Amino acid sequence: MKWIYGLVDMQSFYASCEAASRSEFALTRRENDDSTDPLLVVSGDPERRSGIILAATPTAKRAGVENAMRLGEALQRCPRAIVVKPRMRFYLETSVRIQKVIQSMFPLHEQFSVDEAFFAFPYPSLLFPDPLAAARELKKAIWDLFRIRCRIGLSYNKWMAKMANKQAKKHPDGIVWWTEEDVPTQLHPLSVFEMWGLKRRAEALYYEFGAKTIGDVAQIPEIDLLKRFGVWGTVIHRWSHGQDYSPINPGAYDAPHKGLSHRTTLPRDFYQREDIAVVILELLDEVCQRARHFGQKGRRIGLGLTYAGFKGGFYKAKTLDFYSDEADDLYPYLLHLLDRWWKGEGVRAVHVSLDQLQLSNAVQLSLFHDVVKRNRLSQTVDTIRMKYGETSIMRAVSLKEAGQLLDRSRKIGGHYI
């Protein structure tokens, strides 16, 4: 008996949620015909015609709309597009419900993102005698319950299931099943740029090794890949041969984090140091609160600024000689990075990160501060915010004109709920 791995992902998830929730489209949309979807896009502010495209239905994409395109440009390409504001809470709630359905059908389940999930099942078995039939049953269940289409890739490991899923997006049935025998005929002819998970490494394979296809990558000696990419060389070598030993991890979302970060886009360009410092402190407070929630502390603090017009900027980090989850410890180092690398340009977005995390209940004592008392205070503040909301108790600087906390508290994922 073998195991079959699947990856299911929702088609144009945010846009599909909007189309499915609107009664005026209920009678026209068809499960196996995405051309019956409305010309609908999800973007920031329809009235001001500003923002970028977060999601678009397949019909809108065929009309020339692309994700991350500016709304004004999208409306030039598709003037009849229906523009709706994002409803992040609604999308997240729908995601949770869909994940529960997937898990009820395939108990060995791992949520991969807000609109994707891995699953696995034994084959052959009495419960799953036909893998394609099992995938069709899941696909239909999601449509019947949510009126959202999905695509499913099936294979003998997780990475191959992801690659099969990419091909399922082009398949009329929305389902593709690859076996070991399909590696030379289906995987190897694909472009090197279609290798999932490589990002810029695919460019190096193409330009430095002359590998145009995944099959070409499979011909490169592993030792050469190791010399160029380090430990990633072994990963690339295995993937090019259709090998992956990653297990299904049902608790993936509960696993310790390698890094935590938070980013916000400002309503206007900030030019004053004290204004930027307020935003940095607010973001750092949230990052540290999350770190305490997961029982982790970090020693590498990072600051990123994006300049006016979303052009240019920097990201710099500093590794400390201690671990901390307290903003008071880390804030001076962020200000040091700001003063060293920022030259007075207009700032439109701020990013704060904390990584090199470790699980730790230890307390670093100090001769100058009552650290135990401070930690108890932070935990008390966290508890109040968890129960009554993040604005129930906040720093006075957040009440300044530069403060963004009150506005961001009304958003999820950077968008109003």
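Glutamine 111 stands opposite alanine 117 in S6. Keep that pair in mind while we work through this predicted model, where local features need pLDDT of at least 70, side-chain atom pairs count only at pLDDT 80 or more, and totals for chains, interfaces and linings use all residues. Residues are numbered from 1 along each chain as its sequence is written, and side-chain values use heavy atoms, with hydrogens and water left out.

**Exercise 1: the hairpin**

Task: Find how many residues lie between S5 and S6 in their hairpin.

Solution: 
- Step 1. Two strands pair if DSSP finds at least two bridges between them.
- Step 2. S5 and S6 are joined in the antiparallel sense by four bridges.
- Step 3. Look between the two strands: the hairpin has two residues there.

**Exercise 2: the sheet around S1**

Task: Work out which strands pair with S1, and in what order the sheet runs.

Solution: 
- Step 1. Start with S6 (residues 116-123), which pairs with S1 antiparallel over eight bridges. Here tryptophan 3 has proline 122 as its bridge partner, and valine 8 has alanine 117.
- Step 2. Now take S7 (residues 150-155): this strand and S1 are also antiparallel, over six bridges. Tyrosine 5 is opposite serine 155, and methionine 10 is opposite cysteine 150.

**Exercise 3: what covers the strands?**

Task: Decide whether S1 and S6 are mostly buried or exposed, and which helices lie across S1.

Solution: 
- Step 1. Use the cut-offs: buried is under 20% relative accessible area, exposed is over 50%, and partly exposed is in between (1.4 Å probe, protein chains only).
- Step 2. In S1 (residues 2-10), seven of the nine residues are buried, so the rest of the structure largely encloses this strand. In S6, seven of the eight residues are buried.
- Step 3. Find the helices. H5 (residues 131-146) lies across S1, S6, S7 and S8. H6 (residues 158-168) lies across S1, S5, S6, S7 and S8.

**Exercise 4: rings and charges**

Task: Say how the rings of tryptophan 159 and tryptophan 239 are arranged, and which charged residues sit over rings.

Solution: 
- Step 1. Rings of Phe, Tyr and Trp (its six-membered ring) pair if their centres lie within 6.5 Å; planes under 30 degrees apart are stacked, over 60 edge-to-face, and the rest tilted.
- Step 2. The structure holds 19 aromatic pairs. In one of them, tryptophan 159 and tryptophan 239 are 5.3 Å apart centre to centre with 10° between the planes, so the pair is stacked.
- Step 3. For charges, NZ of Lys or CZ of Arg must be within 6 Å of the ring centre and within 35 degrees of the ring normal. Arginine 201 lies over the face of tryptophan 232, 3.9 Å from the ring centre, while lysine 316 has its charged end over tryptophan 341, at 4.3 Å.

Conventions: Contact = heavy atoms within 4.5 Å. Axes fitted to C-alpha atoms, helices over the stretch in contact; angles between N-to-C directions.
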